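Reader: I have a model open and want to go through a few of its features. Can you take my questions as they come?
Author: Go ahead.

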Amino acid sequence: MAAALRGAASRLAGLRVTPCRTTQSSWTCPSGRTTAQLTISPKRTGAFVRLYSNGSDNAASIPDPELQDKPYYVTTPIFYVNASPHVGHLYSMVLADVLKRWQVLKGKQALLCTGTDEHGMKVQQAAERKDVHPKALCDTNSQTFRDLAARGNLANDYFVRTTDPDHRDAVEYFWGRLRDSGYVYEKTHEGWYCVSDETFYPDNLVARAVDPMTGKLRHVSIESGNVVEWTQERNYHFRLTALRERLLEFFKKNPTWVTPPSRMAEVVDWVENHLEDLSISRPVSRLDWGIPVPDDESQTIYVWVDALVNYLTKAGYPGLAPGKEHTGGWPADVHVVGKDIVRFHCVYWPALLMAVGQPLPRRVLSHGHWLMDNRKMSKSVGNVVNPFFAIDRWGVDTMRYFLISRGSITNDPDYSNKHIVEAYKKGLQTGLGNLVSRVTKGRAWNLRSAVRSRCGQHLEESDVVDVDYAKQMQVAEKAAAGADEHMDTLSPPSALKHIMELVYESNKYLAYAAPWNVAKQGNQDETEKIIYLTAESIRIAAILLQPFIPEKAAEILDRLGVQENRRGFDFARVHADDSYGLDPEDRKADEALFPRLAVED
Ligand code: MSP
């Protein structure tokens, strides 16, 4: 948005200042029609301005005919069920949900998969500590994650559980293809295993450290700080090192495969400098809570191989007819993952897929970790925020708005109630709520008649507008294309910022144009012009906000009287809808969209 404004400002700045008089040159209106140039009112600015609008900016994208029947497929990581969900998990979920909903807004078929990761040592040990059967623990805790997806208003199409029979079938089939690939061999493995991270670490990534609680010396992973233990066992290995060159070649050809670029660089560095073959099974004597290796019941499939296959399971693997595999969604368009699990998704996963001859996911979006008092929010640190309590307290859309606007792809954001209050007051209450209420509740105009009289009126030669009107028009016109560009680069935070700029600019415009004063002077035409442009700005912002704050955005569109079938991306253009706007008698006595907070900390 800043760029759009700078663009608008520089174009405005570059204009010839001419006395108030119409000119004959034409400009292109958003709908592609040609209409006359606008005249800037000397009353306010003394300048003339030409509005530029590129009709193609907002045009719906033309789908690749070959891929028309491949849904856009977004995934969240699947969550370990050894502990309850926290706000960090909700963040992964909401980010993925926004990406899916954006595609739906644009008219695409899109699928979202989330779920739970239920096998492995971590879950086995958690069940032992509670003295319950692992499946009982999984059933209870998986349901809590499912409930969280519902409370967070995720539009997920699937909720995968790795203990489900369809997933087990997919993993067994995948294992078979891996064995057939020739990349699997058996050997006795010695190394450091970390149960918390469910991974082996090489020697150079392990250090000795004092346990602050007991004062005892133990070995920990340098990366995660979690305790590791020395193991020696016979297991199956995946010849990851044999795929080094293919991986590097793939990264070279797809330099933006991982977002953000800093993570992509880490992935390349890992493959170049730290690659080792991967142990892909554990002896049943150590781990029996998992999927047994087919034809070798003495071994259990490594939990990460089991878990990664979940993305294929719900895409119909391996059951879809040859040539029709993509109709289930695979390859995934985006895997959303936290930064701690990038290596699994960006090194192990593509290598495993290469080995079995499956296409690779199109992109991976890695995000930062929420911090509490400068430490990663995590169960083991004991500083987690219960996401159900947070949603109960602040409301689902406030939480979604806060997580996306303050969350970060590259950095680790701070979580605190103070920040939630700030985001609520600035963005939602003062920004959006105020704007909507001023336009929809104003008594000095009738929104329905303003829309009826102004929509499609692409400003005639005789129209007089000021610089602020012109600027506001440009910001509104460019909102959709700008947000879409950010979403294309997998940056929901930037897209949201861009849309909120439209909201903030609209408030400024309304305050400056003061339609209530213009109405008092009896100038109905000018009043309707101002109200129409502001209502258009709100309508566009609300359409674009639907993926971020679905309930509140729908409420705004209801208050504006926008029909259900006119809420798609293609309607997020000035003059795209002539049918909305309620007459005063049809308006309900609505409560505040974003009420005052009773308690602020
Ligand atoms: N089960 C694996 C993922 C397997 S995907 C095939 C796992 N589970 S997890 O429950 O430990 O983490 C799930 C996701 O939550 C990860 O993406 C992780 O980065 C994310 N988060 C955990 N703590 C977080 C924060 N404090 N902040 C943001 N995200 C956090 O890893």
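**Aromatic rings and other contacts**

Author: A cluster of rings, joined by ring pairs, is made up of Y73, Y173, F174, Y311, Y317, W330 and W349. Keep in mind that this is a predicted model.

Reader: How many aromatic pairs does the count come to?
Author: The count is 24 aromatic pairs. One of them joins Y469 and Y509.

Reader: What is the geometry of Y469 and Y509?
Author: Edge-to-face, with 6.5 Å centre to centre and 70 degrees between the planes. The pair links distant parts of the chain, 40 residues apart: Y469 is in helix α15 (residues 467-488) and Y509 in helix α16 (residues 492-513).

Reader: Is Y469 buried or exposed? And Y509, buried or exposed?
Author: Y469 is buried, at a relative accessible area of 4%. Y509 has 5% relative accessibility and therefore counts as buried too, since the cut-off for buried is under 20%.

Reader: Which lysines lie over a ring face?
Author: K106 lies over the face of F569, 5.6 Å from the ring centre.

Reader: Over how many bridges do β17 and β18 pair?
Author: Over 4 bridges, in the parallel sense, between residues 334-338 of β17 and residues 364-367 of β18. G338 has H367 in β18 as its bridge partner.

Reader: Now helices. Which residues of α3 are buried?
Author: In α3 (residues 121-130), the buried residues are M121, K122, V123, Q124, A126 and A127.

Reader: Last one: D97. Where is D97 found, and what does D97 touch?
Author: D97 is found in helix α2 (residues 87-105). Leaving out residues up to four places away in sequence, D97 touches L112, N153, L154, A155 and R400.

Reader: Why does D97 count as buried?
Author: Because the relative accessibility of D97 is 0%.

Methods
Residues are numbered from 1 along each chain as its sequence is written. This is a predicted model: local features need pLDDT of at least 70, side-chain atom pairs count only at pLDDT 80 or more; totals for chains, interfaces and linings use all residues. Side-chain values use heavy atoms; hydrogens and water are left out. Buried means under 20% relative accessible area, exposed over 50%, partly exposed in between (1.4 Å probe, protein chains only). Helices (H or I, at least four residues) and strands (E, at least two) are DSSP runs, numbered from the N terminus. Contact means heavy atoms within 4.5 Å. Rings of Phe, Tyr and Trp (its six-membered ring) pair if their centres lie within 6.5 Å; planes under 30 degrees apart count as stacked, over 60 as edge-to-face and the rest as tilted. A charge sits over a ring if NZ of Lys or CZ of Arg is within 6 Å of the ring centre and within 35 degrees of the ring normal. Two strands pair if DSSP finds at least two bridges between them.
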